[in-house]
Each structure stands twice: as C-alpha cells, then as structure tokens.
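Thanks for coming, everyone. I would like to walk you through one model today, taking a few residues in turn, so please have the picture in view as I talk.

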Amino acid sequence: MNPTFQGSANNIIAKQLIRKTLLFAGLTMLLLSIIIGCVAYYFEKESIQRQFHKIESSYIDSIRTALWISDTEMIDALLMGIGDFHEIEYAGIYVNGTLFSETGQKSTDQEMDWISPITHLYDGKTYQLGELHVQKNDGFVKKQIFRTVFIAVTTQVLSILIICGAVLWLMYHSVIQRLLVITSYTSAMSMESLGTPLILEKSSEPPDELDALTDAINHMRLNLHHEFIHRKKAEESVREHRDNLEKIVEERTGILKSTNEKLIQEIDERKEIESEREALISKLQDALSDIKQLTGLLPICSHCKKIRDDKGYWQQIEQYIHEHSDAQFSHGICQECAKKYYPDMDLYEE
C-alpha cells in the first residue's frame, strides 16, 4: 500500500511568518511615519521661510519708505497686501515695541512668527524704523504636514502590505507548502513506505535548498530501504542457520544421549565387575590371611625325615610346619603302613 502524503492544516510556520511580518511592517510604518513627519515639517518650515523671504523682498522697501514719510494709508495697504498671501494669518508693524499698524489675528505660536527689522540709511546714518511681524496660519501648516504625512504613510502602508502579501504568497507556495509536504512525508515514514519516494513540485530553476533536502531524504530513504532488505535477508539467513543448528543440536543430543546411556550401562557393568573383583580380592585376601607359605630350601633327613631350622636344630616335620604355618596336624595311617604294621587289622575295607 502506498501512503498519501499531504500538508498539515495547522500551517504554524505560515502563521508565525505572517505575524512577524505584520509586526515588522507595523514598526516600519511607525518609524516611517515619524521620519516622514519630521521631513514634511522641515520642508514646510523651509517653504514658510521662502514665503517670508518673498514677502520681505517684495514689501520691505515700500514699508521702509512709508514709515520714513509716516504714510499710514500706504502702510495699511501694504499690510493688507501681505495678508493676501496664501495662508498668511497676521501682518503687523511695530515701532519701538509698540504696535503701529496690523491686519489679521495674531497667534501665540512663535514657531510660525517671522520678524524682519526695518532700517533706513540716511546721510550715512542707519535709523531703526521698526519691525515687520508676519505670521503663518498655524492650523493650515499642521493640516499641510498631516496631509503630507497621511499621503506618504498611506502610500507606504499600501506598498508594504502589497509587498508583504506578495512575499507571503510566494513564501507559502514556494517554501511553506513544500515544507509541509516534507514534514508529512517524514512523519508518515515507515519500513513499509520506504519504497515510495518523496516528490516535490518544482518551484524554481535551478533547484533550491528544498530540492536538495528532498534529494537528501530520498537518498536516506534508499539507504534505509537497502539496509532493511539486507537486514531482512540476514535475518532469514540467521533463521535458517538457527533451524539447521537446532536440527544438528537435536541430532547431536540424541547421539550424546545414546552414548551416555551406553556409557552409563558400561559404567554399571564395570561397577558390577569392580564390585565382583573387589569381593574376589577380599575373599583372596581373607584366604591369604589364613595361609602362611613355606618358601625356600628345607633340609630334611633322608631317614627320620626331621627338618633343620635356621638355627641348625633338627625338628620333627610336624613341629616345623606347625611353627611356620597355620596348619594343624592329625595322625592317621595310610594303607601301605596299615598292611605293613598292622597286618592283622583290617583298617581299610576293600
């Protein structure tokens, strides 16, 4: 049976990748918002400064002349002209710190306030006539900065989301989905499934690291398959040798058993023979203990039949044999002596 290998439904790697990507994108957008806001504020300040310089270059000479000749109507007209500039909220002229003329409503925000001194050179002497105060509309500046930041951040957010989505989609289809297949394959790997190779859908040319991992897994699978076959053959060979060995052991056991029985029988027979031999030896020893042998050359008288002992004395043969053995003598008479000495007595009946 060939197992079917499918990807896991948990997609843990994909979820972690999405979560980390969104976290990174959020931090990146926050940082970009701060940077874009600072840059927008800087450029807006530069724009205001350029506008102030433009006002100075266009009106300061006329204001200087009007102040020199104290032409109030001309000063009011000039201030109204400055107020007509885009988003100029206030314009005023101060002489010795006192308000001389103004147009618009002055704000307390000093960051949007521009002051230009008004001096006049006459007869080689410089006269301080006053100061021109011009103030930009603070709400407009903030709206302008916010709009710039909003547009930039929105553009960056959309770009990051599109890029992250594309990266996640590519990562899922080129890496995560293939990793899930590899994980499922390795989790379901067993001795029965070693014959089924791991096949991944090619995602790129030339082969990438996952293709190399797939080749390594298939190489390992082949090695395991060959090792399994080799071990199976070895087990069968060992089983055959074991059966043969058991048969040989059984045969040898039967032979040894038969030999042991014969040996036991022979041992019993030998024990019986040994017992009989020991009994015979015991009987012989008992018989020998009752027998004293006379050995050597016995000198005996040819007439009286006395025997000479070791000390040179002659003794009757009965006495000598009695002393040198356990034999006991009893007296009798043979037939010849009976006829010779007792002819009248019929001692032996025929």
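Ser116 sits in strand S3, which covers residues 113-122, and please keep in mind as we go that this is a predicted model. Is Ser116 buried or exposed? Ser116 counts as buried, because its relative accessible area is 2% and buried means under 20%. Leaving aside residues up to four places away in sequence, Ser116 touches Glu56, Ile60, Gly130, Glu131 and Leu132.

Asp123 is exposed, with a relative accessible area of 73%, and its phi is near 55 degrees, a positive value in a residue other than glycine.

Which residues form the negative one? The negative patch is made by Glu236, Glu240, Asp243, Glu246, Glu250 and Glu251; of these, Glu240 lies in helix H4, residues 209-289, and is exposed at 52% relative accessible area.

There is a nonpolar patch on the surface as well, formed by Leu31, Ile35, Val39, Tyr42 and Phe43, which together have about 500 Å² of accessible area. Ile35 belongs to helix H1, residues 12-68, and is partly exposed, with a relative accessible area of 41%.

How values were computed
Residues numbered from 1 in each chain as written. Predicted model: local features only at pLDDT ≥ 70, side-chain atom pairs only at ≥ 80, totals over all residues. Heavy atoms only, no water. Patch = residues over 30% accessible without salt bridge, like charges linked within 9 Å, V, L, I, M, F, W, Y side chains within 5 Å. Areas by Shrake-Rupley, 256 points an atom, 1.4 Å probe, with all protein chains shown as cover. Salt bridge = Lys/Arg side-chain N within 4 Å of Asp/Glu carboxyl O. Lys, Arg positive; Asp, Glu negative; His and termini not counted. Charge placed at Lys NZ, Arg CZ, Asp CG, Glu CD. Helix = DSSP H or I, 4+ residues; strand = E, 2+ residues; numbered from the N terminus. Buried < 20%, exposed > 50% of the residue type's maximum accessible area, 1.4 Å probe, protein only. Contact = heavy atoms within 4.5 Å.
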